[in-house]
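Here is a brief report for a reader new to this structure. Look at the sequence and the model first, then read on.

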Amino acid sequence: MQRLKRYLRRGLFGRRGARGAAFATLRLRLLMFFAIFGPGFITANVDNDPGGILTYSQAGAKFGYALLWTLIPTTIALMVIQEMAARMGAVTGKGLADLIREEFGFRATFFTMVVLGAADFANIVAEFAGLASGMAIFGVTKYLVVPLGAALVWGVVVRGTYRPVERILIIFSMIYLAYPISAFLGKPDWLLALHDTVIPTFSSNSEYLIMIVGLIGTTITPWMQFYLQASIVEKGIGKKEYPLSRWDVIIGCIITDVVAFFIVVACAATLHNSGQHEITGAAQAAVALRPLAGKYASLLFAIGLINASLLSAAILPLATAFNICEGLGFESGVNRRFSEAPAFYWLYSALIAAGAGCVLIPRLPLIKVILFSQVANGVLLPFVLVFMLLLVNRKEVMGEYRNSRTANVIAWGTVGVIIALTAAMIVASLKPGGISL
């Protein structure tokens, strides 16, 4: 970025005069934005992992367009929460687990590592389960594709450095465009979809409440905050670059929930309308789309699932490794060599090997693992948000970059809503006729 500024001073943009200066300034800002672009965009897109795709697909198949309204408040909450994580990373130069350990002590950090580590591992298993399911559509056995997928993501991250790894992940994130195309091929009722997006529908039904908690849990996940803040620090984004980094976060949050919108619409327009209200996997949704929306819609849905699985299988173990190594004070980061951060890389390798290995266990109830991981995210999220809100409002930590009143209202409101929904879900599940995972 310093090189770009020197170019501007030297007039190397090929324009002169006021108009040329304005063009040069605009071009400089665009170049600077793309220089910091990545952490927010990647983190938000990985949020649409196989567990998320399954949850969105189930929401569309079971309830049609009725749950689309949840995407608006969750998008706003996601932007506020992700922006806080990015801001803390840029201002302090430290990861979230680092700050929790320094400000709240090892006990709080250990609790965070254990509880979130368990939920993260369930998510990692879900990523490889999604890869196996997606490739099964094309007749490829999981005993071949899962080990190859694990080796691929391990090699890309362990053998690379941050910049090239980030570029690869950005390219993978672009493939999510398959879902909007798949939704259009399903020929949905757009007026009804838009109506249900802006007009909320409420129900005390336990399945409805569980689905809302699952949607929140898959949209705003605990691991995202640790990975985003760590990647902001590793990329070297500081206070000066933070305003542009905020746009990276906002754009990523909007795009990820737009993709979620189209996944729900695709399944509502096809599966729900045809009476197929129960699905047990994202791959099943892709197969079911074929006779209803055409083979191309089904193919695009399956490609999106495979892409999401590989992308998430690379990022989720990274987020967990960052969380644990920062909490314990070990060296961490993709820019470091294996010899410089052995605990980080061994933990990353072990998570990939164990996650992939679990998927290869015969008759493992993968659907229950995936659903557990999504609901667990929603239940555990308040713990992470409380730590974040206490940190981001500490003057000695953030100085003038503390939260605004509006951000605090939205963030604390999100914590309250998740706690209330979780309590309502548990109560509804205990009633006669209620359900539970």
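## An aromatic pair

Trp 190 has a relative accessibility of 28%, so this residue counts as partly exposed. The model is a predicted one. Phe 262 is buried, because its relative accessible area of 12% is under the 20% cut-off.

A search of the whole structure finds 15 aromatic pairs. In one of them, the ring centres of Trp 190 and Phe 262 lie 6.2 Å apart. Their planes meet at 80 degrees, so the pair is edge-to-face. The pair links distant parts of the chain, 72 residues apart. Trp 190 sits in helix H11 (residues 190-198), and Phe 262 in helix H14 (residues 242-272).

## A ring cluster

Ring pairs also join residues into a cluster. Its members are Tyr 227, Phe 322, Phe 338, Phe 344, Tyr 345 and Trp 346.

## A nonpolar patch

Phe 106, Phe 110, Val 114, Leu 328 and Phe 330 make a nonpolar surface patch of about 470 Å². Helix H7 (residues 106-136) gives the most to this patch, with 3 residues.

Phe 110 is found in helix H7. Its relative accessibility is 44%, so Phe 110 counts as partly exposed.

## Helix H5

Helix H5 covers residues 71-92, which makes 22 residues. How far apart should its ends be? At 1.5 Å a residue, H5 should span 32 Å. The end C-alpha atoms are 31 Å apart, which agrees.

H5 is mostly covered, with 17 of its 22 residues buried. Just after H5 comes Gly 93, with a positive phi of about 70 degrees.

Definitions and conventions:
Residues are numbered from 1 along each chain as its sequence is written. This is a predicted model: local features need pLDDT of at least 70, side-chain atom pairs count only at pLDDT 80 or more; totals for chains, interfaces and linings use all residues. Side-chain values use heavy atoms; hydrogens and water are left out. Helices (H or I, at least four residues) and strands (E, at least two) are DSSP runs, numbered from the N terminus. The expected span of a helix is 1.5 Å times one less than its number of residues. Buried means under 20% relative accessible area, exposed over 50%, partly exposed in between (1.4 Å probe, protein chains only). Patches are made of residues with over 30% relative accessible area and no salt bridge: like charges are joined within 9 Å, nonpolar side chains (Val, Leu, Ile, Met, Phe, Trp, Tyr) within 5 Å. Accessible areas come from the Shrake-Rupley method with a 1.4 Å probe; for residues, only the protein chains shown count as cover. A salt bridge is a side-chain nitrogen of Lys or Arg within 4 Å of a carboxyl oxygen of Asp or Glu. Rings of Phe, Tyr and Trp (its six-membered ring) pair if their centres lie within 6.5 Å; planes under 30 degrees apart count as stacked, over 60 as edge-to-face and the rest as tilted.
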